[in-house]
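Biologist: Please put the model on the screen. I will ask about single pieces of it, and I would like the cut-offs along with the answers.

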Amino acid sequence: MIRGFARTLTLTTNLSSYNLRHPFSSSTFAIKNVTRDNFDSVFENLKNHIKQADFVSVDLEMTGVTSAPWRDSFDFDRNDIRYLKIKDSVEKFAVVQFGVCPFRWDDSKKTFVAHPHNFYIFPRKELPFYDGPAEEFLCQATSIDFLAKYKFDFNACIHQGISYLSREQEAEARGRLKLVYDESNLASNLEEFSDSTLISNADILFTCRLKKYLEEWRDRLLMNTNGGVQIDENLKDLMPMFETVFYKMRPALRLKGFTSHQLRLIQLITTKHFQDLAFVHANGESSSKENLLVYTDSEDGGDVVMKEVSDDLHKEAEMKLKAATGFRRVIDLLSSEQKLLVGHNSFLDMAHIYSKFIGPLPPTIDEYISSVHKVFPYIIDTKLLLNTDSVIQRLMKKQSTSLSSAFALLCPQIAVSSEASVKGLKIEVRVDDMRSSNWNSGANHEAGYDAFMTGCIFAQACSHLGIGFDNNSLAKGLAEHENLQKYINLLYLSWNNGAMIDLRTGNESFELLTQQNPKQRYSRILFENVVLIWGFPSKLKTREIKDCVTKVFGSDSVTSVYYLDGTAAFIQFSKKELVSDFLDRKEAITESDPTLVLHPLPKLLGGGKTHAAKYDVYKEICSSSLSEKLFSDQAEALGIK
């Protein structure tokens, strides 16, 4: 969860197709930069890379991680609460970069071929007919400062970032499109706009003159001559507002300078008195919308014209809708191809992917796990591999399992040349027709580069797990390989206490960790034994809190005290019944009782300002969309005592 601060992020200010990452090395490492300008062409190539890939590694960069310090991940967080905190983070912060790197095994060269892509994305509103809520997101000050330090080009992200719609947003937009362009709705609206609407003398005069003008224009049209029928002198002032044009090889009048009310009157008159004229709202020569009266040559020709107009508008709207889905097309491709997705400490990443590109996160962790597993059936986390496999742990030499540290240890050299001195697998990097064989492991990272590093770590880990790479062994796919089955679809909910969640079952698992570290004990919190307290005097230390309680309930009554922030803490009792005893005792104590001068609890209760509750109240507070900086302020804002 705190990964965002440990990473080095950078976005080049030069938004060319290639990002040459290592200006100080003899060779360069290229990454394909993708913006809205080159997305369509890049996507066509990416489709082939993903279809042929044995696995695809991904990485995201966001505008922040936590909206308040107490929303960090803590040992005393139950799984459902960890999910609520991740949900809060996902709903409040934006993804600004998305790294996608397909890896394909080339059996002829005995090497993996990697295609790293770095996508700039931005939640821009693209559809004029879809009035969904405007996207809003927070920017965590430390994260933005960090991005700026490494020359993040915020203007490029905003102006060149690829927009997107989630699947749910697209469905809503399609519903809106149908309402906007459904001609039957237009007809029903006209029924309400009848002759009874013409109550002013100006309206009556306008419609009479309009009717006469249209009759004379049609008569001239039918006579196929500029002579013969002349426009009435009293109607010549209307001539500048009509221009004879052609619409789909049919004569038409372009309407210019009329008010919206007058256009409705024209629409009414045309519908009631001119069966061979159709009022249409269509695309003009400059792609702007214009109003036309089209001569249809028959009474039922209007229906044909209206259908043509409707079809054109639908086609145009569909094109806009397809363009607006933007980067979502990449996510749909990954899902439909059911590729093995590889990430590093990726529970937060996967939640962002679901929220931004599938739909709103479900309210509970069980619903989320069921939903995300249907979209992405095969996910593997390299951080879990590094922490749970004994062979890889020996290679790591108890070093940090951060992405950059693991990459430096497991992938000390990646080369294309068979003559080069290489340890482990060969990995060839390709960007279009370019290829690169060297990199600088100390270079500043971005999403595309981090996705590449993640994939390299996974490939090396597979090799150490005894997975042979050849066309026969990869025929069924890596996701089906027996050596990977115990790692597939296990993600860290909280790596600081080893809590993992199985996406196939929704169950929490410590099994892998205890298998590899039998002497290491991961303490299980008995949440029914926990009391949450907040608003106590800020100078109290954990030892003082424990002393206050144990002096009343016994020396072995408290097993641990854990600070949430400077205003709140958890007290875990040794017995469940002590929770109720503590809350009852707190309620019974009044400051007016002179016998309590020497009682230990008033020191903790802080003159009646300290509040206490069972653990489920903590969940209630975490589920709120509010994020006050201090936990006690959060509880107060929600009216919880």
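Biologist: Which residue is the bridge partner of Leu253 in S10?

Modeller: This is a predicted model, in which local features need pLDDT of at least 70 and side-chain atom pairs count only at pLDDT 80 or more, while totals for chains, interfaces and linings use all residues. Residues are numbered from 1 along each chain as its sequence is written, and side-chain values use heavy atoms, with hydrogens and water left out. Strand S8 (residues 250-255) and strand S10 (residues 289-295) pair in the antiparallel sense over 3 bridges; strands are DSSP runs of E of at least two residues and helices are runs of H or I of at least four, numbered from the N terminus, and two strands pair if DSSP finds at least two bridges between them. In S10, the partner of Leu253 is Leu293.

Biologist: Is Thr207 buried or exposed?

Modeller: Thr207 lies in helix H8. The backbone oxygen of Ile204 lies 2.9 Å from a polar atom of the Thr207 side chain. Buried means under 20% relative accessible area, exposed over 50%, and partly exposed in between, with a 1.4 Å probe and protein chains only. At a relative accessible area of 6%, Thr207 is buried.

Biologist: What is the phi of Lys248?

Modeller: Lys248 sits in the loop between S7 and S8. With 41% relative accessibility, Lys248 counts as partly exposed. Lys248 is a residue other than glycine, yet its phi is positive, near 50°.

Biologist: Where is Lys110 found?

Modeller: Lys110 is not a glycine, but has a positive phi of about 55°. Its relative accessible area is 46%, and Lys110 is partly exposed. Lys110 is found in the loop between strand S4 (95-106) and strand S5 (111-114).

Biologist: Which residue of S6 stands opposite Lys32?

Modeller: Lys32 is in strand S2 (residues 30-34), where 5 of the 5 residues are buried. Ala30, Lys32 and Val34 are on one side, and Ile31 and Asn33 on the other. In a regular strand the side chains alternate between the two faces of the sheet. S2 runs parallel to strand S6 (residues 117-120), joined by 3 bridges, and the residue opposite Lys32 is His117.

Biologist: At what angle do the axes of H16 and H17 cross?

Modeller: Leu403, Ala406, Phe407 and Leu410 in H16 meet residues of H17, including Tyr449, Phe452 and Ile457. The axes of H16 (residues 403-410) and H17 (residues 447-464) come within 10 Å and cross at roughly 50°. That makes H16 oblique to H17, where angles under 35 degrees count as roughly parallel, over 145 as roughly antiparallel, 65 to 115 as roughly perpendicular and the rest as oblique. The angle asked for is roughly 50°.

Biologist: Which side chain makes a polar contact of 2.9 Å with Thr401?

Modeller: Thr401 is in the loop between helix H15 (390-396) and H16, and is buried at a relative accessible area of 13%. A polar contact is a pair of N or O atoms within 3.5 Å; within protein, one must be able to donate a hydrogen and the other to accept it, and residues adjacent in sequence count only if both atoms are side-chain atoms. The 2.9 Å contact joins the side chain of Thr401 to that of Lys383.

Biologist: How many residues of helix H11 are buried?

Modeller: Among the buried residues of H11 are Arg328, Arg329 and Ser335. Helix H11 (residues 328-337) is largely enclosed by the rest of the structure, because the buried count is 7 of the 10 residues.

Terms used. Axes fitted to C-alpha atoms, helices over the stretch in contact; angles between N-to-C directions. Contact = heavy atoms within 4.5 Å.
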